[in-house]
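This briefing goes through a single protein chain topic by topic. Please keep the sequence and the structure open while reading.

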Amino acid sequence: MTKSDLPFGSEFSPTQVDLRDTLDLAHKHEGDWRAFEVAVKNRYFAANATSDYNKRKLANNVKLAMIAYGLIDREGRLTGFGNRLYDVREDADALHAELARHILKDLHGTTLVQCVLDMQAGAETVDLEKLRTWLDERGIHFPRGGKHPSMMRLWLEKAGVFISGWRVDEKRFHEILGISTDEIEALAGLGGEQRAFLKTLGNLPGPGPYASNEIEKLATATYGVRFSEKNLPKTVLYPLEKAGFITLARGTKEQGRGAKPFTVTATPKLLADVVAPILAQLEQQTQNDIRPLLRKPLAEILENLRADDKHARGLALEALAFKLMRLIDLTYIATRLRGTATGGAEVDVIFESSRLVFSRWQVQCKNTDRVSLDDVAKEVGLTHLLKGNVILIVSTGQVAEDALKYANDIQTRLRISVCFLSMVDLCQIAASPAAIIDRISMQSPMALCHKPVSVAMGRS
């Protein structure tokens, strides 16, 4: 039987037990799991019209669920997290918010919430059977007939993440996570052009220096902001320098070409106030093993793709997808196939953007010699299930001629953008991040500003 990715939660729900009380019982019977089970049975199931054996089974389910949620260990002792909850047990709001944060960050709760939002955006009714299918597509499994998502939803509802069934309070969701989806707090007092310029610089790998016109170009494509070329220093660069976010170096004049653009370098203030929160947000969404790679330059990740160790190649491949999509500020949704599961040969990740119009990106990274027509056809076939309208295939090898022809044909017949990035492209992007705009737009101009698949796919 496949192990569930969501925690077992039978009988451990706010409709059946009180969180504060179960923590008290665990603390009282610290390390004596039998005594803990008896206490739970007597407290919650003594009046049930069933046999004593079944009552003990119900109490055992509570214990097993608290183990699955990381509150106690198998001996019945409170874990480090369980002790943190125990310390705030007198404050019901803080207690349930802390558990909700743990569920979202450590128990795939964020994927569950994102999946529910996706289903609702696609006009799907949310029920356990459909949830199992949608979560399975995102690599999250739970047993057929299992109520694991429902138990998680009930605890998240206690913290206000869900309201009346499967309706999500997105503001509360991001509040619990400690993430703002719209503006980094440090940027709130800046103008639109300044925010876009700084967020773009913050998405780049490393503090710089970068040419100001390259940041401008990337910001325009990513956020849809139009800058005044002549007034860029006055309206954007000088104010940001005065605010302490960047340092500027004047370009020198080239013969017959006039002055070169300013070079821009991120200051420690920008790295602390903008880049650190962006990275923290990204790292909360990823597996522990690839987090160290997210802080490395793109060029170093490309080097890791040649590592002898298959596991290291798999991690680098997954990190590559995140690094590329961070350049154009897409939101991570799910990983369908991890590079560590394929020996470093392939990874499939889903990203979204809804800044201009809705687009969903299916990103496949292949550390192989060749991208075949079948590889492209598989991604095209999955667009119906995944609601994708942009396919990006990143490869360290060559793209077969028939695969290129098929991709071009698909783009003329369907409302799907298909783009490829080769190792040559990746090296150019590592040297000049704005090159990603040229490479993608050259193949499919609509990829970075795509019309929605349907009205139902839009988010409010």
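This is a predicted model: local features need pLDDT of at least 70, side-chain atom pairs count only at pLDDT 80 or more; totals for chains, interfaces and linings use all residues.

Is cysteine 115 buried or exposed? Cysteine 115 is buried, because its relative accessibility is 0% and the cut-off for buried is under 20%.

**Chain overview**
- The protein chain has 460 residues, and 50% of them count as buried.
- Its secondary structure consists of 19 helices and 14 strands.
- Among contacts in the chain with a separation of 6 or more, 62% join residues 24 or more positions apart.
- The chain exposes about 21,300 Å², of which carbon and sulfur atoms supply 50%.

**Cysteines**
- Zero disulfides turn up in a search of the whole structure.
- Cysteine 365 has a relative accessible area of 0% and is therefore buried.
- Cysteine 365 is also one of the contacts of leucine 320.

**Nonpolar cores**
- The largest nonpolar core holds 65 residues, and Leu320, Leu324 and Trp361 have the most contacts inside it.
- Helix 15, which spans residues 310-327, gives the most to this core, with ten residues.

- Five strands make up an open sheet with mixed pairing, in the order 8-9-10-12-14.
- Strand 8 (331-337) and strand 14 (417-421) are the edge strands, and each of them pairs on one side only.
- On average, neighbouring strands of this sheet are turned by 20 degrees against each other, direction ignored.
- Strand 12 (residues 390-395) pairs with strand 14 in the parallel sense, over five bridges.
- Within strand 14, valine 418 is the bridge partner of isoleucine 391.
- In general, the strands of a sheet pair through backbone hydrogen bonds, in a parallel or an antiparallel way.

**Helices on the sheet**
- Helix 15 packs on the sheet and touches strand 8, strand 9 (346-353), strand 10 (359-366), strand 12 and strand 14.
- The direction of helix 15 makes about 20 degrees with that of strand 9.
- Helix 16 (residues 373-386) also packs on the sheet, touching strand 8, strand 9, strand 10, strand 12 and strand 14.
- The direction of helix 16 makes about 150 degrees with that of strand 10.

**Leucine 327**
- Leucine 327 lies in helix 15, and it counts as buried because its relative accessibility is 3%.
- Which residues does leucine 327 touch, not counting those up to four places away in sequence? They are Asn203, Leu204, Pro205, Leu218, Thr222, Ile429, Pro433 and Ile436.
- Leucine 327 and asparagine 203 are 124 residues apart along the chain, and their C-alpha atoms are separated by 5.5 Å.

**Arginine 153**
- Arginine 153 is found in helix 8, which covers residues 148-158.
- Why does arginine 153 count as buried? Its relative accessible area is 14%, and the cut-off for buried is under 20%.
- Leaving out residues up to four places away in sequence, arginine 153 touches Phe162, Gly165 and Trp166.

Notes. Residues are numbered from 1 along each chain as its sequence is written. Side-chain values use heavy atoms; hydrogens and water are left out. A nonpolar core is a set of buried Ala, Val, Leu, Ile, Met, Phe, Trp, Tyr and Cys residues joined through side-chain atoms within 4.5 Å. Buried means under 20% relative accessible area, exposed over 50%, partly exposed in between (1.4 Å probe, protein chains only). Helices (H or I, at least four residues) and strands (E, at least two) are DSSP runs, numbered from the N terminus. Contact means heavy atoms within 4.5 Å. Accessible areas come from the Shrake-Rupley method with a 1.4 Å probe; for residues, only the protein chains shown count as cover. A disulfide is a pair of cysteine sulfur atoms within 2.5 Å. Two strands pair if DSSP finds at least two bridges between them. Axes are lines fitted to C-alpha atoms, for helices over the stretch in contact, and angles run from 0 to 180 degrees between N-to-C directions.
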